[in-house]
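Dear colleague,

I am passing on to you the structure below, together with a short account of what was found in it. Please read the notes alongside the sequence and the model.

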Amino acid sequence: MLRLLLISWLCTLSFIGVAQELRVKDTASLTQALAQAQDGDTLVLDTSVYEGNFNVTRSIHIKGEAGATLDALRQGSALTITAPKVIVEGLNIRHWGRDLYYHDAGILLQPGADEVLIKGNRLVGDGFGIYGEQLAAPRIIENNISGNGAIYVLDRGDGVFLKHVSAPQVQDNHFIFVRDGVYLESVTDSQIHHNQFAKLQYAIHYMYTRGDEAAHNQAINVDGGYALMSSKQIYLHHNHVSQARDFGILLNITNESHIQANTATDVKHPQGSVELGNEGKGIFIYAAQNNRIQDNEFSHSDTGISMAMGGEENRLWHNRIIANQNQVKYVGDTQLEWSYQGQGNYWSEYQGWDLDLDGIGDLAHRPNDSLDKLFWLYPEAKLLMESPVVLLLRWVERQFQPRMTTGISDSFPLMQSVSPALIDGGTQ
């Protein structure tokens with residue numbers, strides 16, 4: 001009986017195969033190993049340059065020794081994956097093609113490449129860094145992805161481009177000189193955490209997504225920080241953006257989202273290029289509804305908060321609006337209240353008092369007056385903004401607290417501020 005069991009076990013092993021570790025040292029041996037590999041095998045790439053375009057059709061683990069490099073010779077995608085549960089780690093990948101129509105990428109994830117893990121790689125090229133479509137649960141972790149800074153930004157590929165993907169994780173990556181750092185289209189339940197973005201268009205760009213979370217990301221020297229467009233139920237918290245040119249956060253036709261404990265500072269157009277409607281905005285709310293915007297800081301920018309075209313149905317409270325050239329710009333015909341349950345926002349220019357010492361200003365704050373609206377309509381008049389006559393007119397208007405039919409009011413302005421870094425944003 002024992003002999004029969006042993007024979008049966010050996011036959012089973014011969015049928016299913018045993019996972020192997022295969023070492024490759026040149027292009028020919030890598031091509032052969034990929035063609036012959038079975039599910040569960042590990043391919044170890046010796047320190048060498050492997051030239052060409054490679055395909056992964058089995059659920060294998062590919063890892064590189066220090067200096068192992070895939071070079072696509074500026075044609076097509078360097079590595080194309082069609083199998084699930086593939087692991088790619090420790091590779092240098094370079095010189096893939098730049099045809100964005102054909103999705104040239106350092107790593108191209110095609111339908112069927114579910115639950116892949118792309119970890120600890122360095123990708124440098126003109127097209128997409130990692131492109132994936134019609135997938136489930138890819139993980140992209142601890143990679144360095146660089147585009148070509150000599151190419152016009154809109155002609156570059158995105159660092160990570162995901163379309164019709166569910167539950168992706170993108171964390172602890174560095175992105176530079178790409179178009180968008182992470183571009184998500186028709187994606188659900190993404191997790192984008194602890195990434196670094198620099199010298200690109202938008203750090204994270206959402207289009208038609210739902211149920212996403214982005215937290216603890218850092219963006220510097222970008223056109224825009226976090227662009228939420230035509231999306232729903234995004235939780236954006238504890239992110240930072242500075243030295244942006246267009247916006248820190250954009251809510252464009254985006255609904256039911258929670259924007260909490262983010263910092264957008266130094267959002268300014270280059271000196272001399274600011275035009276009406278083209279100024280840098282800490283947050284730009286455009287035709288977005290039913291969003292919660294709390295505990296954020298919008299500071300030292302051309303405009304702190306800008307709202308237009310049906311952005312009225314949002315709740316804003318506990319934000320810090322500090323030392324912007326214009327604290328608020330609201331283009332609309334409604335009188336809005338920016339406070340919630342007796343708690344408003346902190347305004348650096350608020351000059352009211354707090355006689356009962358409850359931490360709430362006794363006078364309502366109206367960050368825009370009739371002079372602000374005049375300067376929006378006639379931007380050339382901004383030369384007069386700090387003149388003694390204008391300052392006197394502002395003081396008189398605020399002392400009398402005239403009834404306004406349009407604009408922003410904060411009936412409970414905060415006398416002290418709390419840094420967004422101290423806000424616990426771990427739960428919604």
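K163 is partly exposed, because its relative accessible area is 23%; the term covers values between buried (under 20% relative accessible area) and exposed (over 50%), taken with a 1.4 Å probe on protein chains only. The residue is found in strand β16, where strands (E, at least two residues) are DSSP runs numbered from the N terminus. Leaving out residues up to four places away in sequence, K163 touches G132, E133, Q134, E185 and V187; such a contact means heavy atoms within 4.5 Å. Its C-alpha atom lies 8.5 Å from that of Y131, a residue 32 positions away along the chain.

The model is a predicted one, in which local features need pLDDT of at least 70 and side-chain atom pairs count only at pLDDT 80 or more, while totals for chains, interfaces and linings use all residues. Residues are numbered from 1 along each chain as its sequence is written, and side-chain values use heavy atoms, with hydrogens and water left out.

The contact between K163 and E133 has a counterpart in the strand pairing: E133 has K163 as its bridge partner in β16. Strand β13 (residues 128-136) and strand β16 (residues 160-166) run parallel and are joined by six bridges; two strands pair if DSSP finds at least two bridges between them.

Both strands belong to an open sheet of twelve strands with parallel pairing, in the order β4-β7-β10-β13-β16-β19-β22-β25-β28-β31-β34-β37. At its edges are β4 (54-56) and β37 (326-331), each of which pairs on one side only. Neighbouring strands of the sheet are turned by 10° against each other on average, direction ignored; the axes are lines fitted to C-alpha atoms, and angles run from 0 to 180 degrees between N-to-C directions.

Further along the sheet order, strand β25 (residues 224-229) is largely enclosed by the rest of the structure, because six of its six residues are buried. Five bridges join β25 to strand β22 (residues 202-207), in parallel, and five join β25 to strand β28 (residues 247-252), also in parallel. Within β25, A227 is the bridge partner of H205 and stands opposite L250 in β28.

Finally, R98 sits in the loop between β9 (92-94) and β10 (105-109). At 46% relative accessibility, R98 counts as partly exposed. Beyond its neighbours within four places in sequence, R98 is in contact with D104, D126, G127 and I151. R98 and G127 are 29 residues apart in sequence, with 4.1 Å between their C-alpha atoms.

Terms used. Helices (H or I, at least four residues) and strands (E, at least two) are DSSP runs, numbered from the N terminus.
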